[in-house]
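Student: I would like to go through this structure with you. Could we begin with the terms we shall need?

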Amino acid sequence: MAKQLKTKAEKPLNIDDILFNCRDILRSARNSGSFFEKRDMMLTLIFLRFIGEKYEDGVAALRQTLIEQGLNPDDEEIFKAFFEDASFADGTYDLPLEARWSTIINTSAPGLNVALDTALHSIATSNKLLKGCFVEGTFTQRNLAANDIKKLVDEINKISHKAFGEERDLIGRVYEYFLKEFAVNATKEEGEFYTPHDVVQLIAAMIEPFEGTLYDPACGSGGMFIQSAELVKSRQGDINRINIYGQEKEAATYRLAKMNLALRGLSHNLGEGSDSSFTNDLHRGLYFDYIMANPPFNLKSWYDFNLKDDARWADYATPPESNANYAWILHMLSHLKPATGVAGFLLANGALNDSDTLEIRKKLIENDKVEAIIVLPRELFITTDISVTLWILNQNKGGGDYHGRNLRSRKGEILFVDLRQWTENPVKGEQKKKVILMQDQIDRAASIYHKWQEKDTDGSNYEVAELYRSVNIAEIEQKGWALTPSKYIEFIDHDLDIDYAKEMARIQNEMKEIMAAEKKSQNMLIEAFKGIGYGIE
């Protein structure tokens, strides 16, 4: 009988492996450009892949609908009526033939650069919502060798929502990967940060942005919007109840956000182009129901002389030129609806007690704008290991109905929560230490906050040692207007629980046993040497 050959089990698809292969191809390819050009090329390819896949899924769903209605989708008249100028109910874009992924993937290697740019031009001219999502001419300008661009397209072809899940922000995941692997400017300060899925879930679970207007003044790749929309769909079912507004300073990241939102069929207003929220506020005069943001930590290059007497900080003070943390706070506060707006955003922990922002912080507290301060665990981000703080500002701490919950007045109170010890969930497969907040932890943190808000809760006695505590403004004043949770939450000295007399007796007994055993060993060694004639006395 012939010996049966063992076949190696096929390794399951892994998005990091695919992206590593793409990075390897681009690293060795001639004319692949800088880090940013490599990243933009990759993200543009993925955009074409995803928008093409959505189109194919839309066509398949439309065919099935027609069949269920007793119509033949292959009939010439039916095809002409429904497919030549297709309209999809889920926001899928109708793509011209030259822009479809099926056309691109079947193009021979020597013609791929031209075919890709033809697809981009066709998309930009056929749909105004997709204009500005990418730089036309990207591929012919770089002009990768036929073999290199073919290998790159074949790798991208492996990335699919069918394989990796519809619910996750895959464009954002790719963006995160490139920050992690090529992050030439992703330092602890001023760098680009992709907000992890679990952190966005936490913010959304806290402030519940289920309907109305949602704004992010430093929207990055649009991940906050994508993941918030998914939460809305899971809780309410209709993402059309949320109107998205955002702004992004970096041109490439602005295009990425537009790609990301377009792929999800989310209507949005990111302004006419990329620009700084400080020097050119594209949404000046607009007020929003919700703000969710993860602005650059400790940004230094934000200030312009023209901002000295800006209306956004006229009622407070001009934030220090050396750090934009409080400029972000006051900018967001200026965009919250005056009576009902709620904001949840991340800042570096230094903002809790910076000496050069004391007067601004004091006035924010006195004006009752700060509702909750939640310090998060370290290692949540891939590109930085620092612990950060989730701030919640609320324009209405007076109570009333909120998403079906009956809230009490929380005037003069701030809830402090310390989650730094929630580090028991390490993420495997990462090159550096990283932890994740699990759904039950997110639910627990949100319930701590929501319970504190609710009617019949006694804010003066709402605390659990080492986790949370409700504090009145008078006590915060006594502590010098610091917002550092550890100044208010009780931390137990577990050494005080030790019975020192009993512990010392245990240690002494252990030492006696060790010394007796050592003496016994020495005696045995002496006897052994005597036995072989060394004459040890």
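Tutor: A residue is called buried at under 20% relative accessible area, exposed at over 50%, and partly exposed in between, using a 1.4 Å probe and protein chains only. This is a predicted model, in which local features need pLDDT of at least 70 and side-chain atom pairs count only at pLDDT 80 or more, while totals for chains, interfaces and linings use all residues. Residues are numbered from 1 along each chain as its sequence is written, and side-chain values use heavy atoms, leaving out hydrogens and water.

Student: How many salt bridges are found in the whole structure?

Tutor: The search finds 15 salt bridges. A salt bridge here is a side-chain nitrogen of Lys or Arg within 4 Å of a carboxyl oxygen of Asp or Glu.

Student: With which residue does Lys-158 form a salt bridge?

Tutor: Its partner is Glu-155, and the closest N and O atoms are 2.9 Å apart. Glu-155 is buried, because its relative accessible area is 11%, whereas Lys-158 is partly exposed at 36%.

Student: What about Lys-337 and Asp-289?

Tutor: Their side chains meet in a salt bridge with an N to O distance of 3.1 Å. Lys-337 lies in the loop between α13 and β5, and Asp-289 in the loop between β3 (268–269) and β4, so the pair ties together parts 48 residues apart in sequence. Helices (H or I, at least four residues) and strands (E, at least two) are DSSP runs, numbered from the N terminus.

Student: Is Asp-289 buried or exposed?

Tutor: Asp-289 is buried, because its relative accessible area is 16%. Lys-337 is partly exposed, with a value of 30%.

Student: You mentioned α13. How many of its residues are buried?

Tutor: Helix α13 (residues 325–335) has 10 of its 11 residues buried. Among them are Trp-328, Ile-329 and Leu-330. The cover over these buried residues includes β1 (212–216), β4 (290–293) and α14 (358–366).

Student: Changing topic, where is Arg-444?

Tutor: Arg-444 is in helix α15 (residues 439–453). Arg-444 counts as partly exposed because its relative accessible area is 44%.

Student: Which residues is Arg-444 in contact with, leaving aside neighbours within four places in sequence?

Tutor: They are Trp-422 and Leu-467, where contact means heavy atoms within 4.5 Å.
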